[in-house]
Amino acid sequence: MSSTPMSSIESALAAEAGTQVPAPPPPPPPLGQAGRVALPGRAPLLTRPGWAAFFVALLAVCALAPVLNLVVPDGSALHLSDYTVAVLGRIMCYAIAALAMDLIWGYTGILSLGHGLFFALGGYMMGMYLMRQIGLEGNYKSELPDFMVFLDWKELPWHWTFSGSFVLQMILVVALPGLLAFVFGYFAFRSRIKGVYFSIITQALTFAAMLLFFRNETGFGGNNGFTDFKRIVDIPIATPQMRMTLFVTTGLVLLGFFLFARWLVGSKFGRVLQAIRDAESRVMFSGYNPLRYKLTIWTLSAMMCGVAGALYVPQVGIINPTEMSPANSIEIAIWAAVGGRATLIGPIVGAFLVSGAKSWFTTVFPEYWLYFLGAMFILVTLYLPHGVVGLVRKLLARGKEERA
Amino acid sequence: QDTIKVGVLHALSGTMAISETALKDMALMTIEDINAKGGVMGKKLEPVVIDTASNWPLAAEKAKQLIGQDKVAVTFGCWTSVCRKSVLPVYEENNALLYYPVQYEGEELSKNVFYTGAAPNQQAIPAVEYLMGKEGGSAKRWVLLGTDYVYPRTANKIVRAFLKSKGVADADIMETYTPFGHSDYQTIVADIKKFSQGGKTAVVSTINGDSNIPFYKELGNAGLSAKNVPVVAFSVGEEELRGLDPKPLAGHLASWNYFMSVKNPTNTAWIKQWGDYAKAKKLPGQSTKPLTNDPMEATYVGIHMWKQAVEKAKSTDADKVIAAMAGQTFNAPSGFTLTMDAKNHHLHKPVLIGEIRPDGQFNVVWRTKAPVKAQPWSPFIEGNDKKKDEPEKK
Amino acid sequence: MRSWTKAWAAALAWLAIALPAHALTNEAALAMASGTSSERIEAITAAVIEAVDKGDARTVAFLQALSDDTVRFTADKAFIVQGDKGLDPVTGAEVAVPADAEDVVNNNLMRNELDVALAALQLRSEDASVRADAARALAAAPSEARLPLLDKALAIEKDAAIREQLELARAGGLLSSEDPAKRLAAATTLAENKRPATKLLLNERLAEEQDPAVKKAIVAAIAGIDAGLIWGERLGQAFTGVSLGSILLLVALGLAITYGLMGVINMAHGELMMIGAYATYVVQGLFQKYLPGAFDAYLIAAIPAAFLASALVGAILERGVIRFLYGRPLETLLATWGISLVLMQLVRTTFGAQNVAVESPSWMSGSVQLLPNLALPWNRVLIIVFALLVLGAVAWMIGRTRLGLFVRGVTQNRPIASCMGVNTARIDTYAFALGSGIAGLAGCALSQVGNVGPDLGQSYIVDSFMVVVVGGVGQLAGTVYAALGLGILNKLFEGWAGAVLAKIAVLVLIIVFIQKRPQGIFAMKGRSAEA
Amino acid sequence: MSILSVKGVNQYYGGSHILRDLGFEAQLGKVTVLLGRNGVGKTTLLKSLMGLVPIKTGSMEFDGKPIQGRTPYDRARAGMGYVPQGREIFARLTVEENLRMGLAYKSGSTPIPAELFELFPVLKQMIHRRGGDLSGGQQQQLAIARALAPKPKLLILDEPTEGIQPSIIKDIGRVIRMLADRGDMAILLVEQYYDFAEELADEYLVMERGVFIARGPGSEMQEKGIRQLVAI
Amino acid sequence: MTPDLMEEGAQRLERTAVAKLGQTESGGREAGFSRIATPGEVDITHGRILYLEDVHRSFDGFKAINGLSLDIAPGELRCIIGPNGAGKTTMMDIITGKTRPDKGTVFFGSTIDLLRHTEPEIAQLGIGRKFQKPTVFEHLTVFENLELALATDKGVKSSMLFRLDSRQSDRLAEILHTIHLADSVNRLSGNLSHGQKQWLEIGMLLMQDPKLLLLDEPVAGMTDEETARTAELFLTLKGKHSLMVVEHDMSFIRTISEIVTVLCDGAVLAQGTLDQVQADERVIEVYLGR
Ligand SMILES: Nc1ncnc2c1ncn2[C@@H]1O[C@H](COP(=O)(O)OP(=O)(O)OP(=O)(O)O)[C@@H](O)[C@H]1O
Ligand SMILES: Nc1ncnc2c1ncn2[C@@H]1O[C@H](COP(=O)(O)OP(=O)(O)OP(=O)(O)O)[C@@H](O)[C@H]1O
Ligand SMILES: [Mg+2]
Ligand SMILES: [Mg+2]
């Protein structure tokens, strides 16, 4: 599947933190006939510079951005505009999705072309809650969301049961994508569906879901989806403070997921995943049941995507079925690939780079941006086989060689 | 500051680019024309063109950018309802202005939006009435065919309610939907053919975008001619016909507020202006065969009305412009003088029914005597009788 | 329409010789051309009755001109416009058309009326086929008002087939007669004629019928017709399935090579089809411009053009991008995705974002009538044949030729194939170009049934991957089964549940199916599958 | 007559120097045996000869013409046949098609030499089975047959006896001897199975960490204690 | 949905699936025994650790295994030889659950019916396997390869929380020495030479500490000296473990063998000491050659 010879945790860590491989721990005491072998110890979660970078990011998200956006006045050069906050917030959601994709694709070698579905499901769960929060302020002054009134529905359909409660609905944000992924994954992995066959059925799944959600009868507002949100936990949504809160939450979730993912892939669990990617049958003959491993990471990944979607919806203000279109799922994979697969920082970088570029190009070259974006994909694959992170890593390694 | 920035927010790539590109160009032409004639209040207009890439969250973000970063005075844009719905909160929140140029399902009225396209009563109902009448062939049975999304569903709901009020039984209405991008209409056309054996049948088509061509090609294949089973479409205009050989379609109908074939001096001048512009700018497709259509007219009218309102208000401030918009009139290429309703932000528009000609243009076979007032809240939908015909005060 | 032109020419010749002229007056012509539809229809009916009795070439000519939309009129006179000349409908003399003359606009109602009027005038033609056409036209639009006309025609008609049509037309007219007995008789006559149009007639009458006996007869007649139509319906449904299958097969065949054999996850496959379709469009344009006489042949020329255009683009892509990515299939996904974006935008900037019109040659339009309600459209039939031809060619290339062998060998193990003396680089280029070329052929075929626009490829890419994968990657036979299977299932479901649910059902079915056969229909069996 | 002559070949994988200044010759009609422990670089040398991995410096001459820098298929066309380590047959092609691939640069009508089936009867039996379904030893036989099909001037064999049953090893030994004795083919054999190697060797080379540490005529192998040398 | 919950769910689903498989009409093999079988424990009271009877398997009509019956005692080192294509690898595939036989019984100990278990379960039960073509995790380092193979709880949760304790590290270090890869702990195993991969795979097998080792051509591609060392290694394993070794290298077989089984055409052709089978005319005919 992958051609990254980059799975050693040490080297991965080193490059991510931009430092040297930590010197192996002191050799263990002599062992009878075994003699001395320098066994690599368990790698730390992050190296010291890694932690430093992490805290800088944390600070930027939690303190710097709010101050620059809310406190620094509009005219100032340092002011962070609402628009920039919106763009960054959206991209951070994408980054979470890309991170989730990397766990399943980069590390386990399972390319999902259906992650857009989990993202959208999380978004829809959040959207349902937000729709209910509109309350009587809608066009029709009804307890029911506008589109239901308009379709002559007299009461909430069953799947809206929990939509009134923030807590329950937030549980659904994680549980629904998780459950769907679990059931789907259980059957797929049990049947040993692999490679493109898996990719294609995930694509079929999201495509089918998209068509389903486009239907008005499905009860999710059809093509128009959910828009015009007014409040979240009874606080107006369209205030700078609320927007900043959402932004900071997204940032924290992203950083939290990043640490979680680090911990996962650094553990033996993570190495079993990579082993599954390389030689699944050998994993089985070593006594591991790949089904459970794949199912676990697949479900976790779907749940992360769900959370990303839930954070995304109140920030962009709309969720509609196009989020489930196959192209969107492919795009998630592309973020991971451009940034660098099987490196956790890669997908985050990729998401920022690709969607950032898209945002920027569509404004600056509205007619030509597809050329740039297309060329970018081609060039990255041709010249940066390990993504942007791979390039950085190579440059760093070269620098080190020269220094040495 | 000697320029006024205006936003042009359309999809120039992705699925909607097919329709929206022409609107962008029309907006640019109109702006250029206004500038050439001295601008607005002596200031030149500076268009800010942005591609929504047919991606609706992106559209909302771009709207933020137009309003927040570029500080445009007004935005002309969107085609799909979902695009409008996604940017609407942004406009309301910032109290900015959006001019929306496409026919839509109604059921919405925002203080910050001016709807220059048709509401259902300015397009769907007259067309159905026409087909019911002797002129239209006295249709007794109805096929309501659409792409599965909100506009067709709503339009069909209204049409169904209207048909019922005219005494058409449910058994005489067949309602079918196809997924987005559907390209194989064999089964549906066969079904229509079968259905049409039960009595004089007409088809009301709200098929969207690209699916029209396969649909009409299949109709032609199946030998269902307009004489037997006329199809009236609400989304097929001159641009859509560009993509297919119209000969087999001759006689099928469309209902709009404007047709390129309308004969009057305003229209002739406008078409010429557009043709010259397309040639000068080498617009792909348009430069060899310039076409105008209803949404383009609505774009053109919208920009001019905004200009007039600004000049009346002597300011680009949204509230002042909104106030000044009420009752604005404009001599439109359709040959009618269009009036902005005093309250409901919709234009009073004429309804024209045209039959497709073998050259891809329309023969206007029926038209309203005078512009019709829009009913954004359709009376055929329950509860709408209580709705006010003006935006909520917030 | 064309048969009418023929008929018109023949009739005109006959009328000119046989009949005295000058029956058409200016008033009559003006009444036929202007006024409300009902007024015009009245005028036409009157003119026809007169012309049938007296015989009048001018009236026929004028009606024909009306139906050809070549009549203009002023407040006091109607004109036939021929090119830039004007003709006086009454005298046939050349006159100048005033600038303020209005076009006569016909709607469908008028057009129907004109057709019938012309048909009525042609019932006495000497040419049996003209008469047959006329009789058929009258049978399709029966009216009580025309009964005398039909009776006269029946009195002189010898040809049995034409008589039958005339009887039918007569029965149709009688169906709305005042006399229930006549209606009953008409219903029984019509029951013999198992055609959809007859059913429509009966149904329309049924809606108004009061007399219980007649009602019963009509219901029985309809039931009889329905029973006769059932087979046509079933076969029609099967045909639509096969036809959809043939399209899926065409769009998947190229991918079966570039992806199935070469392992390139070719997201630009759709755009290669689009290029084929645009090549067809360009060829059509060239024919329109330089060889308008041979326009119908353009499609034949477009086939190789589409193949070459796409193959060329494919070859360039392979040389420039893909060849650096062998053995890294997922990276090909990324790069070809980029390529597809670029190609799409390229087409948008050169041809415009709008769709372009590709006309079908005349031999692609129309249909073969197999049963009264089963007409197979020529373009669908020809596409099925085309798909089979392409399939045969591909199967032969891959399975029987050395090129095919090398392609398979090279894609399995590039370095070793090279050590066997195979010029791998060249084989790769050929193979990719071949796959792309076939995509181009698919595009050419698609241009005959659907849109030609920048998005053409996007709408088929998911389907084409689906087909290749469900069939089993690298399995040509599997691709064929999958394409036909999906096509037929889709149409079957669509008959039951509508297009949207059918599509969803098919997708779900694919998911379930892959559970049962994790490697597609034609799974690679044995050890080699695991390697 | 020396058909292959190699001088000063250096080759690297990333930073590690795998082949260091190697030079040797292979003669028509003779079997040259290359011995060495695991991981010393034997396969790497053979791959360099075939052009599958690029060499950093050095010259290679085949049949009087320089071949360094040429593509593998040029080398194959010039008459080099290769039996790679690990068989590397085309798993999804049938046995027959695998053999046809071996004849790739001959004209399309060249028949598969019948003598191959005499040598390896099992291939005839399984002619329509997919290569990948064969057992390990059968695949090895197929790989040898495939290399022999176009009658190369130089036959390069990388551990051909691996996984093959004794009787067939004997057959392969006889074949190699016979091919060499015909005098129109040079054979370069990498082998771990010492007895087999010694029996066939006309010339021998011993490699250690990318350099040759011993060489000479095959007849001297026993007295020079090559078996022990390889074992250390 | 925590990972352990998910895992439990998967386990439960799986268990019911397995339970269903076992419900044969006769009540399954267990029905015949009066003792209560402890699930997961190998019962060797009958003196047999592996027991195959009348196993058949054909591929598209070709009988690869044709009525094979074979048994192995605990602690035995059994050599299997036989012509190419005799069905040796296929037999191992059947024992490890990779291939399902068309017919026949395969037991591990006297209570565990291997045909009812999946590959990972069989591995967990204590059957380790080395493939004919060396298979290692190419993108993991040598160290990580061995660590993964280590015999521990192989559930999801314990993998997440796993830490190498000192006893395990010692064992790992020891095995690294045994397989001569101590210098290469941190190298990616994909970059090892063929022979090194062979060794690494043997090392992984040792880490797994199985009761029964199936070794498919373990010395292919090794030098004589290394072959000798492998032989030595196997002899030390013998007794504690049961081994089944497939090889074509007669001198290697000679150094390690007690009983040799000759397979041919998917069934046992001969069995006995090496000398006995080497003298057998049929074996010479089909396998050894003259
Ligand atoms: N692709 C590669 N990248 C990096 N190092 C490699 C690569 N292939 C082989 N090596 C290393 O190069 C050295 C020589 O390998 P080679 O395969 O030539 O050995 P060999 O002599 O053929 O061994 P064997 O007898 O085991 O087949 C080994 O140390 C091996 O680990
Ligand atoms: N999946 C399969 N499909 C078809 N034939 C197969 C399959 N698997 C094995 N065979 C055939 O079964 C026979 C036994 O193969 P197997 O690999 O077990 O032999 P082996 O004894 O291991 O031989 P070797 O010593 O050469 O490794 C062979 O003839 C092989 O071609
Ligand atoms: Mg080697
Ligand atoms: Mg074997």
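Visitor: How far apart are the end C-alpha atoms of residues 465-489 of chain C?
Guide: The end C-alpha atoms of that span lie 17 Å apart, with 84% helix and 0% strand. Helices here are DSSP runs of H or I with at least four residues, strands are E runs of at least two, and both are numbered from the N terminus. Bear in mind that this is a predicted model: local features need pLDDT of at least 70, side-chain atom pairs count only at pLDDT 80 or more, and totals for chains, interfaces and linings use all residues. Residues are numbered from 1 along each chain as its sequence is written, chains are lettered from A and ligands numbered from 1 in the order in which they are written, and side-chain values use heavy atoms, with hydrogens and water left out.

Visitor: And what about residues 297-317 of chain C?
Guide: There the end C-alpha atoms lie 31 Å apart, and the span is 95% helix and 0% strand.

Visitor: Where does UniProt place the feature "transmembrane region" in chain C?
Guide: The unreviewed UniProt entry puts that feature at residues 244-265, 297-317, 329-347, 378-398, 465-489 and 495-514 of chain C. UniProt positions are given in the numbering used here, feature names are shortened, and annotations may be inferred rather than shown by experiment.

Visitor: OK, new topic. What coordinates the magnesium ion, ligand 3?
Guide: T43(D) through OG1 and Q85(D) through OE1, at 1.9 to 2.1 Å. T43(D) belongs to helix α1 (residues 42-50) of chain D and Q85(D) to the loop between β6 (80-83) and α3 (95-102) of chain D, so the pair ties together parts that are 42 residues apart in sequence. Donors are N, O and S atoms within 2.8 Å of the metal (3.2 Å for Na, K and Ca), and water is not among the atoms, so sites may look incomplete.

Visitor: Is Q85(D) buried or exposed?
Guide: Q85(D) counts as buried because its relative accessibility is 15%. The cut-offs are under 20% relative accessible area for buried, over 50% for exposed and partly exposed in between, with a 1.4 Å probe and protein chains only.

Visitor: How many residues of chain D are in contact with chain C?
Guide: 30 residues of chain D are in contact with 23 residues of chain C, where contact means heavy atoms within 4.5 Å. About 2300 Å² is buried between the two chains, and carbon and sulfur atoms give 59% of that. On the chain D side, Y73(D), R92(D) and M101(D) lose the most area to chain C, together 26% of what that side buries. Buried area is the accessible area (1.4 Å probe) that two parts lose on being put together, summed over both.

Visitor: How many salt bridges are there between chain D and chain C?
Guide: The count is one. E97(D) pairs with R408(C), and the closest N and O atoms are 2.8 Å apart. A salt bridge needs a side-chain nitrogen of Lys or Arg within 4 Å of a carboxyl oxygen of Asp or Glu. The elements giving two or more residues to the chain D side that touches chain C are α2 (72-78), β6 and α3 of chain D.

Visitor: Which residues are linked in a network of salt bridges?
Guide: D184(B), E218(B), R380(C), K491(C) and E494(C). Over all chains the count comes to 68 salt bridges.

Visitor: Which pair in chain C meets in a salt bridge at 3.3 Å, N to O?
Guide: That's R72(C) and D103(C). R72(C) sits in strand β1 (residues 71-73) of chain C and D103(C) in strand β5 (residues 102-103) of chain C, so the pair ties together parts that are 31 residues apart in sequence. R72(C) counts as partly exposed at 26% relative accessibility, and D103(C) counts as partly exposed at 41%.

Visitor: Switching to chain E, where is T96(E)?
Guide: In the loop between α2 (88-95) and β4 (103-108) of chain E. T96(E) counts as buried because its relative accessibility is 1%. Not counting residues up to four places away in sequence, T96(E) touches F285(A), E119(E), I122(E), I127(E), R129(E) and L214(E).

Visitor: Last one: what is phi of D228(A) near?
Guide: Near 60 degrees, a positive value in a residue other than glycine. Most residues other than glycine have a negative phi. D228(A) is in the loop between β1 (226-227) and β2 (231-232) of chain A. V233(A), in the loop between β2 and β3 (235-236) of chain A, has a positive phi too, near 35 degrees.
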